[in-house]
Amino acid sequence: MKRNNNKMLISLSVAALSLGMATVASAATLDEVKQRGNLNCGVNVGLSGFSSPDADGQWQGLDVETCRALSSAIFGDPDKVVFTPLTAKERFTALQSGEIDVLARNTTWTATRDNSLGLNFTTTTFYDGQGFMVSKDLGVSSLEDLGGASICIQSGTTHELNLADYFPSKGIEINTATFDTPDQTASGFASGRCDVLTSDTSQLSALRLQLPEPDSVEIMTQLISKEPLGPVVRQGDDQWFNIVKWTVFAMVNAEELGVTSDNAEQMQSDPPNPQVARLLGGDGNYGEQLGLGNDWAYNIVSQVGNYGEVFEDTVGANSPLKISRGMNALWDQGGILYAPPIR
């Protein structure tokens with residue numbers, strides 16, 4: 001009996017120690033960010049619509065707004081962000097080493113990246129697919145017409161693997177020319193190093209605008225992959241994982257509930273239904289559960305906007321890219337965008 005009691009005490013001690021360690025680990029990133037006074041966010045070196053500096057050197061784009069929303073949730077201020085431009089090769093090392101707190105750079109969620117790099121993909125902020133851009137003069141109407149073509153591609157991306165899967169399986173021979181950055185890839189295409197440029201369709205839309213004659217090319221409708229893009233964090237910090245994930249969920253829920261940057265204040269003071277009251281901190285302690293203030297989601301929406309507002313201003317109708325919502329529309333509007341409820 002005494003031996004059994006000892007075993008029980010040991011088990012309880014181990015459990016308590018494990019719980020304590022988990023608590024310490026889970027608080028690490030949020031505490032560090034608060035103590036530092038800013039969020040370190042890794043972004044693309046320059047991808048129009050997602051993350052690129054404007055004429056004044058201010059970072060703009062969908063991924064940038066995700067970081068600013070996270071800053072609003074933590075500090076009540078969207079501008080407490082230091083942006084670190086990263087190439088595809090640099091991005092994971094920067095996150096693993098702690099150089100950045102979150103990677104909000106067009107990065108595809110794959111099994112290998114999720115399971116073997118010590119990283120966690122939080123959720124998807126943009127559903128994309130790998131497409132192809134060709135010169136209209138080439139007269140190509142389908143991927144089956146690309147036999148013998150040379151394809152420009154960025155190294156260190158899933159696109160290389162997708163090409164290796166797709167074309168051999170179709171019995172189509174191609175050649176590839178690899179580059180380190182999107183700009184170099186687009187320059188290679190523009191200079192005639194290759195016949196075709198491949199990337200995510202969103203990236204193709206951005207790169208097309210950089211070409212000397214954008215109207216001389218077209219983006220083919222065929223896709224060869226699924227490319228879910230979204231923010232990434234280090235494993236071992238569940239609280240930080242939840243904060244990043246629910247920051248995006250708050251933006252999606254806000255769009256679904258009709259809460260915008262313009263009406264957030266009025267809806268917070270006079271919520272039209274219980275869902276809005278919970279989202280904006282008028283009911284429950286959902287912010288406190290994350291280690292934040294209960295006005296975390298109100299700050300996100302009032303200072304940055306809901307998902308739909310951010311989408312249209314960065315990559316959608318109000319932007320040069322003019323990308324349609326498509327799969328990125330809400331689940332009840334023909335898309336697949338869906339966030340768990342706040343309750």
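1. Phe-50, Phe-126, Tyr-307 and Phe-311 form one aromatic cluster, where rings of Phe, Tyr and Trp (its six-membered ring) pair if their centres lie within 6.5 Å, with planes under 30 degrees apart counted as stacked, over 60 as edge-to-face and the rest as tilted. A search of the whole structure finds 9 aromatic pairs.

2. A word on the source: this is a predicted model, in which local features need pLDDT of at least 70 and side-chain atom pairs count only at pLDDT 80 or more, while totals for chains, interfaces and linings use all residues. Residues are numbered from 1 along each chain as its sequence is written, and side-chain values use heavy atoms, leaving out hydrogens and water.

3. Do have a look at helix H8 (residues 238-257), which holds both Trp-246 and Phe-249, 3 residues apart, about one turn of the helix; helices (H or I, at least four residues) and strands (E, at least two) are DSSP runs, numbered from the N terminus. The ring centres of Trp-246 and Phe-249 are 4.9 Å apart and the planes stand at 85°, so this pair is edge-to-face. Trp-246 has 19% relative accessibility and so counts as buried (under 20% relative accessible area; exposed is over 50%, partly exposed in between, with a 1.4 Å probe and protein chains only). Phe-249, at 10%, counts as buried too.

4. Next comes the tilted pair of Tyr-307 and Phe-311, at 6.1 Å centre to centre with 40° between the planes. Both residues lie in helix H13 (residues 307-314), 4 residues apart, and both are buried.

5. Finally, the charged end of Arg-325 sits over the ring of Phe-311, 5.0 Å from its centre (NZ of Lys or CZ of Arg within 6 Å of the ring centre and within 35 degrees of the ring normal).
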